[in-house]
Structure formats: structure tokens, C-alpha cells
Amino acid sequence: MAQPAKNWPRRSPIETGALGRCPRCGEGHIFRGFLTLRDRCEVCGLDYSFADPADGPAVFVQLFACVPGVIFIVMLEILARPPLWVHIAVGIPVLILTTVLPLRPIKGWLVAAQYVTKAQEAGTADLWAKLHGDDRGG
């Protein structure tokens, strides 16, 4: 199952992560649910314990996706002054589309970027050395 000795080609975090694919082999999956990370890749066996995107996906969604959605809803009120039911019928789908849908691709991109750049928290150098076979462990 796992092939740790194989030289894997370097893959773009956008190519793999945004599609929810393993950042090492590009074939396995990162997620087992909507936002829940798998323990490891089912194809190459990459251990995903290095991955910790924390609140990153939510921050990116709030900054780059949610703000335009809220601006749209506010401008709708300013320019058209529609009744409340229009705000509900239009606003709720806009907010869902601009907040929930981008979460998974952004989280996948952040996990893949952590793998590609070997990003690590302080004190996790030994884990990286074990996972990647390098001598960065301390």
C-alpha cells in the first residue's frame, strides 16, 4: 500500500489541495468528510498528521469570499430597497455560496501548501524528519 521510498514529483498545492487530492501522489484524497481530514492517503500512505490549517480556511473565506457577498446584499438594499422576503430569498443563498462552498478547497490548498513548503509549528521538526526522511529533526 504505502510506497515511502518512491520519489514523488513535486505537485502544485493549488492543483492537488483545491481538488482535495493528496499533495504527494495527487491520486488519494485528503478529506473523509466535508472538512474532516483523513489520517493518511489511501494510495501512497502519506500521514496527514503534519497538517494543521487551524482557522486559516475560515479567515480566507471571511476576507475574500464573504465580504463581497455582504457588500452585494448591502448594495441590494441601498439601490433597490426590496421587501424582507427578497433579502431572505437572495441573501441566504449568497451567504451560503460565499462562505460554505469555498471552505473545502481552501482547506485542501492550505494542507497541500503545508506539505509542499514543509511548513511546521515550533517543536515539530522531529515529526517532519520522520515523515519526510530528512535530517531537519532537532
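At what angle do the axes of α2 and helix α4 cross? They cross at roughly 125° and come within 9 Å. This is a predicted model, where local features need pLDDT of at least 70, side-chain atom pairs count only at pLDDT 80 or more, and totals for chains, interfaces and linings use all residues. Residues are numbered from 1 along each chain as its sequence is written, and side-chain values use heavy atoms, with hydrogens and water left out.

**Helix α2 with helix α4**

- Helix α4 covers residues 103-117. Helices here are DSSP runs of H or I with at least four residues; strands are E runs of at least two, and both are numbered from the N terminus.
- Axes are lines fitted to C-alpha atoms, for helices over the stretch in contact, and angles run from 0 to 180 degrees between N-to-C directions.
- The angle of roughly 125° makes α2 oblique to α4. Under 35 degrees counts as roughly parallel, over 145 as roughly antiparallel, 65 to 115 as roughly perpendicular, and the rest as oblique.
- The α2 and α4 crossing is right-handed. That term applies if the near helix is turned clockwise from the far one by less than a right angle; anticlockwise is left-handed.
- G56, P57, A58, F60 and V61 of α2 meet L103, I106, K107, W109 and L110 of α4. Contact means heavy atoms within 4.5 Å.
- This α2 and α4 contact has eight nonpolar, one polar and one charged residues. Ala, Val, Leu, Ile, Met, Phe, Trp, Tyr, Cys and Pro count as nonpolar, Asp, Glu, Lys and Arg as charged, and the others, Gly among them, as polar.

**Helix α2 with helix α3**

- Helix α2 (residues 56-80) and helix α3 (residues 84-99) have axes that come within 9 Å and cross at roughly 165°. That makes the two roughly antiparallel.
- Their crossing is right-handed.
- On the α2 side, the contact includes V61, F72 and L76; on the α3 side, it includes V86, V90 and L95. By class, the α2 and α3 contact holds eleven nonpolar, five polar and one charged residues.

**Transmembrane record**

- An unreviewed UniProt entry lists residues 58-78 and 84-103 as "transmembrane region". Such annotations may be inferred rather than shown by experiment.
- Residues 58-78 are 100% helix, with end C-alpha atoms 28 Å apart.
- Residues 84-103 are 85% helix and 0% strand.

**Residue T16**

- T16 sits in helix α1 (residues 13-17).
- T16 is buried, at 1% relative accessible area. Buried means under 20%, exposed over 50%, and partly exposed in between (1.4 Å probe, protein chains only).
- Leaving out residues up to four places away in sequence, T16 touches R11, R21, C22, P23, G26 and A112.
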